[in-house]
Amino acid sequence: MCGLIGFTGKQEANPYIINQLMIANDSRGGHSTGYFDGNEFVKCIGKSIGIHQEVRQLKTSKFIGHTRFSTHGARTLPNQHPFQYGEVIGAHNGVVHNYKEVGKEFKCEETEVDSQMIFKVLNKTNADFETLGKFSGALATLFTIGDNFYTYRKTNPLWVGRSKNGDVYFSSLRDVLVKCKLHNIYQLKEGRLYVWEGNTVIKKIDIEHDPVASLYGGSNKQWWEYTNHYKKPSPPVTIGGKGAYSGITDAFDTKTEYDSCEFDGIDDIDITDFELTEIQDTRRLLEMTDEEFNQHQLELFGDEKQFD
């Protein structure tokens, strides 16, 4: 379990918001922290407090941050995200079970950290994005290639919120986006790769999930099984027929009971199809359950969908 923090926009990111996103996502990491600001990598062992001074001085229109809870590889700075392979620079949240097998298929040398193979293969294949579908396990990723910014998620969360000028912040956690008074907060559609130019989506690619067979496919571990530091959480609550801890860490609603809306649930709406709105009651949103939050967003966007 790790935390992702990101930004892409036409203007510079607000360092205060980035700092708040990093602090909140420490709850998902704690072993080490790092970011890429479009020019340099900054990393530290431990929580994000180790790089707060650098974060406060940020002046960038592109940001990829990561708080690591290690499952593969030692707790070292070289093993801290983001990683770079050629022009591909990215960070990942989740556990990839078949990274060794995918590496062999694409003739890539084995990596110490499972996440590294995602970006190594992208570089080796000259950005063949369909390779994202070759990995089994949970993937939420932020990466850049050249001037473009990319986001993709499968199973694990990746929330998006927009500032008043339309610039885009990303986080593995929802509530911190609300607390930072961002708008149009929603999860990116599962299985879809978004290509961003500034704060605008310029392309969407639906990735076919066709994982390479894993020798260990029958014994996939949950995140708490990779260490003695955490104990297994209490029995999960089933939501929409899916266990709250299925797919490594996180709970998702796949169905939302909302009769007045044509959409079935959170994964049936693509937030990037909507115009920016500032209709938002921060206190009310923070008090909502996940189901209530989803219903609120469905109500907010359901009647004004804008198709490309």
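This is a short tour of a predicted model, stop by stop.

Local features here need pLDDT of at least 70, side-chain atom pairs count only at pLDDT 80 or more, and totals for chains, interfaces and linings use all residues. Residues are numbered from 1 along each chain as its sequence is written, and side-chain values use heavy atoms, with hydrogens and water left out.

**Stop 1: S32**

Select S32. It is found in strand β2, residues 32-36. Strands are DSSP runs of E with at least two residues; helices are runs of H or I with at least four; both are numbered from the N terminus. S32 is buried, at a relative accessible area of 0%. Buried means under 20% relative accessible area, exposed over 50%, and partly exposed in between, with a 1.4 Å probe and protein chains only.

Now show Q80. The side chains of S32 and Q80 make a polar contact at 2.4 Å. A polar contact is a pair of N or O atoms within 3.5 Å; within protein, one must be able to donate a hydrogen and the other to accept it, and residues adjacent in sequence count only if both atoms are side-chain atoms. Leaving out residues up to four places away in sequence, S32 touches C44, I45, G46, H66, T67, R68 and Q80. Contact means heavy atoms within 4.5 Å.

**Stop 2: strand β10**

Move to S171, in strand β10 (residues 168-171). S171 is buried, with a relative accessible area of 0%. Its side chain reaches the backbone oxygen of L173 at 2.9 Å. Beyond four places in sequence, S171 touches residues including L4, L21, W159 and V176.

Stay in β10 and pick Y169. Y169 counts as buried, at 3% relative accessibility. Y169 and L21 are 148 residues apart in sequence, yet 9.0 Å apart in space, C-alpha to C-alpha.

**Stop 3: the aromatic cluster**

Select F119, F129, F143 and Y150, which form one aromatic cluster. Rings of Phe, Tyr and Trp (its six-membered ring) pair if their centres lie within 6.5 Å; planes under 30 degrees apart count as stacked, over 60 as edge-to-face and the rest as tilted. The count comes to 10 aromatic pairs. The rings of F129 and F143 have centres 6.4 Å apart and planes at 40°, so this pair is tilted. F129 sits in the loop between α4 (114-124) and β7 (139-145), and F143 in strand β7, 14 residues apart. Both F129 and F143 are buried.

Next, Y150. Its pair with F129 is tilted, at 5.1 Å centre to centre and 40° between the planes. Y150 lies in strand β8 (residues 148-154), 21 residues from F129. Y150 is buried, as is F129.

**Stop 4: cysteines and the cavity**

Select C2 and C44. C2 is buried at 5%, and C44 is buried at 9%. How many disulfides does a search of the whole structure find? The count is 0, where a disulfide is a pair of cysteine sulfur atoms within 2.5 Å.

The whole structure holds 1 cavity of 30 Å³ or more. On a 1 Å grid over the protein atoms alone, a cavity is a set of points where a 1.4 Å probe fits but cannot get out; lining residues have an atom within 4 Å of a point. Grid points are joined across faces, edges and corners, and a volume is the space filled by probe spheres set on the points. The largest cavity has about 50 Å³ of space. Among its lining residues are C2, R68, H72, H81 and D114.

Terms used: 1 Å grid on protein atoms, 1.4 Å probe; cavity = no way out; pocket = protein on both sides within 12 Å on 5 of 7 lines; lining within 4 Å.
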